[in-house]
Amino acid sequence: MYGRIRPVIIDILTLFPDMFNGPFDTGIFNRAVSGGLVEVRLHNIRDYTHDKHHITDDYPFGGGGGMVLKPEPIFEAVEAVNKDRPEAEASPPVILLTPQGRPFNQQIAEELAGKKRLVLICGHYEGVDERVRQHLATDEISIGDYVLSGGEPAAIVVIDAVVRLLPGVLGREASTLGGSHTSGLLQFPQYTRPARYRNWEVPEVLLSGDHARITAWRREQAVSRTARRRPELLENAELTQREGRLAERLRKEDTC
Ligand code: 6GU
């Protein structure tokens, strides 16, 4: 069919496929799936065990607390999902979700949004056998400096950030505004009706109809908000000299 693009295929390897039931059945994501832009396939790692009890974890060599995910079912699950793929999709990125991974950000989301296929492995317990990292995963991602009980919520975060970047997924929302992190700055304040709510008024400039003034105001708000809240983001933002001086002044004032 003319103009029809193939869906991006995301294979998720997890011990808890039920954790993905809600998030992908809603909103933007649901539309992307129905529209054939993305296809999520869930695979239970437990299905790739061969023993009677379907055991996926074991005690760590060397002792210590906690359990470690065994390598065999994970290797076999990845090999199974990669089988019988067209050549272009036969060796996709295999991403292990782990607190030891590289910190996820918008740049990584953009990088992943360019792939035809992704394989995500959700880690669990005290960790994953090191041979999975060394010989199977091509990338490791963390979503922040805190500990989750498993990689599933992290996989949902990564997929959300990636899918909304796929061509055709976003309609009106954010498509023209370029959300927060595309400019490297935090979002400027947004208002909608009513213009006065409980005596709190929307800034006059936004009601002025003067688009040049509105654009300038928004830009200044984004720069000053970023300087106060997340000054480290300014290192990668493109600022005019004037904006740079404003940011420097606010950063020093350190008021909010
Ligand atoms: Cl990817 N996994 C787990 N278990 N905890 C995390 C994480 C991932 N990212 C931040 N904390």
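A polar contact is taken here as a pair of N or O atoms within 3.5 Å; within protein, one atom must be able to donate a hydrogen and the other to accept it, and residues adjacent in sequence count only if both atoms are side-chain atoms. The model is predicted: local features need pLDDT of at least 70, side-chain atom pairs count only at pLDDT 80 or more, and totals for chains, interfaces and linings use all residues. Residues are numbered from 1 along each chain as its sequence is written, and side-chain values use heavy atoms, with hydrogens and water left out.

Histidine 124 sits in the loop between S6 and S7. Helices (H or I, at least four residues) and strands (E, at least two) are DSSP runs, numbered from the N terminus. The histidine 124 side chain reaches the backbone oxygen of serine 149 at 3.3 Å. A polar contact of 2.9 Å joins the side chains of histidine 124 and glutamate 152. With neighbours within four places in sequence set aside, histidine 124 is in contact (heavy atoms within 4.5 Å) with residues including Leu15, Phe16, Leu69 and Gly150. Its relative accessible area is 11%, so histidine 124 is buried. Buried means under 20% relative accessible area, exposed over 50%, and partly exposed in between (1.4 Å probe, protein chains only).

Serine 91 lies in the loop between helix H2 (71-82) and S5. This serine 91 counts as exposed because its relative accessibility is 67%. Serine 91 and glutamate 79 are 12 residues apart in sequence, with a C-alpha to C-alpha distance of 9.9 Å.

The largest nonpolar core has 30 residues. Such a core is a set of buried Ala, Val, Leu, Ile, Met, Phe, Trp, Tyr and Cys residues joined through side-chain atoms within 4.5 Å. Among the members that touch the most others are Ile10, Phe104 and Leu112. Elements supplying at least two residues each include strand S1 (8-14), strand S5 (94-103) and helix H5 (152-163). H5 gives the most, with eight residues. Leucine 112 touches Ile95, Phe104, Leu118, Ile141, Val158 and Val162, not counting residues up to four places away in sequence. Another core, of 17 residues, lies apart from the largest one and includes Leu13 and Ile121.

An open sheet of three strands runs in the order S3-S4-S7, with mixed pairing. Strands pair if DSSP finds at least two bridges between them. Strand S3 (57-58) and strand S7 (127-128) are the edge strands. S3 pairs with strand S4 (residues 68-69) in the antiparallel sense over two bridges. Aspartate 58 stands opposite valine 68.
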